[in-house]
Amino acid sequence: CTSGLDNAQILEPSCGFASPKSHELLSKRSLDERDKELIVVSESSPCESSRIDGYRLSHAWLNDYWVREALHIRKGSLGEWVRCNDGVRYTSTISDSFQYHLNLSTKGYRSLIYSGDHDMLIPFLGTQAWIRSLNYSIIEEWRSWIVEGQVAGYTRVYSNGMTFATVKGGGHTAPEYKPVECFAMFKRWISHQPL
């Protein structure tokens, strides 16, 4: 019953992966020639949005010769830049970060854990279950947190300096979907203020 939903943000249209191959995004014309084509937002499809256009623009920008030159990326050292690149090879040596979180929190490090409540990739209920497994005491029960007079999500504070917050309407990358709310959340947390 969830097929057809965008798992990263269930209220967004399902438009496929956010970083298609370059030939699906752009023609082989120069960046100067395609600027106007990239910036125009067509309203003919629900998949044409400023977010999708941003993905297209980031792809064009980060693969542009002059940008790579300015970033001092040696020619030939990296292939095509792809957002959320699953092709990067690495060896995972940590199968579970549970002990690392326990260790850092007992040393007095604060943490802000947040989840978009419209994310099906890592749902907030899974994050809550992970937090419960840490067995921290609850210091502040669930309450809403407010931005610009509106409920921006819900928060709970735990012992060992952990704050958990949901971001109302946020997807997998919550700041991408709710930048104002996430900035307010982080600003309050980093300033040792309650959300």
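Two strands are said to pair if DSSP finds at least two bridges between them; strands (E, at least two residues) and helices (H or I, at least four) are DSSP runs, numbered from the N terminus. This is a predicted model, in which local features need pLDDT of at least 70, side-chain atom pairs count only at pLDDT 80 or more, and totals for chains, interfaces and linings use all residues. Residues are numbered from 1 along each chain as its sequence is written, and side-chain values use heavy atoms, with hydrogens and water left out.

With S2 the pairing is antiparallel over seven bridges, and Arg143 stands opposite Thr155 in S3. The S2-S3 hairpin has two residues between its strands, and Glu148 in the turn has a positive phi of about 50°. S3 and S4 are also antiparallel, over four bridges, with Arg156 opposite Phe164 in S4. Three residues separate the strands of the S3-S4 hairpin, where Asn160 takes a positive phi near 65°.

Helix H8 covers residues 179-190. Its buried residues (under 20% relative accessible area, 1.4 Å probe, protein chains only) are Glu181, Cys182, Ala184, Met185, Arg188 and Trp189. These residues cover an arc of only 160° around the axis, taken from the directions from the helix axis to the C-beta atoms, so they lie on the same side of H8. Among the elements that cover them, by contact (heavy atoms within 4.5 Å), are S1 (111-116), S2 (138-147), S3 (150-158), S4 (162-167) and helix H7 (174-177). After H8 comes His192, with a positive phi near 60°.

Methods:
The expected span of a helix is 1.5 Å times one less than its number of residues. Buried means under 20% relative accessible area, exposed over 50%, partly exposed in between (1.4 Å probe, protein chains only).
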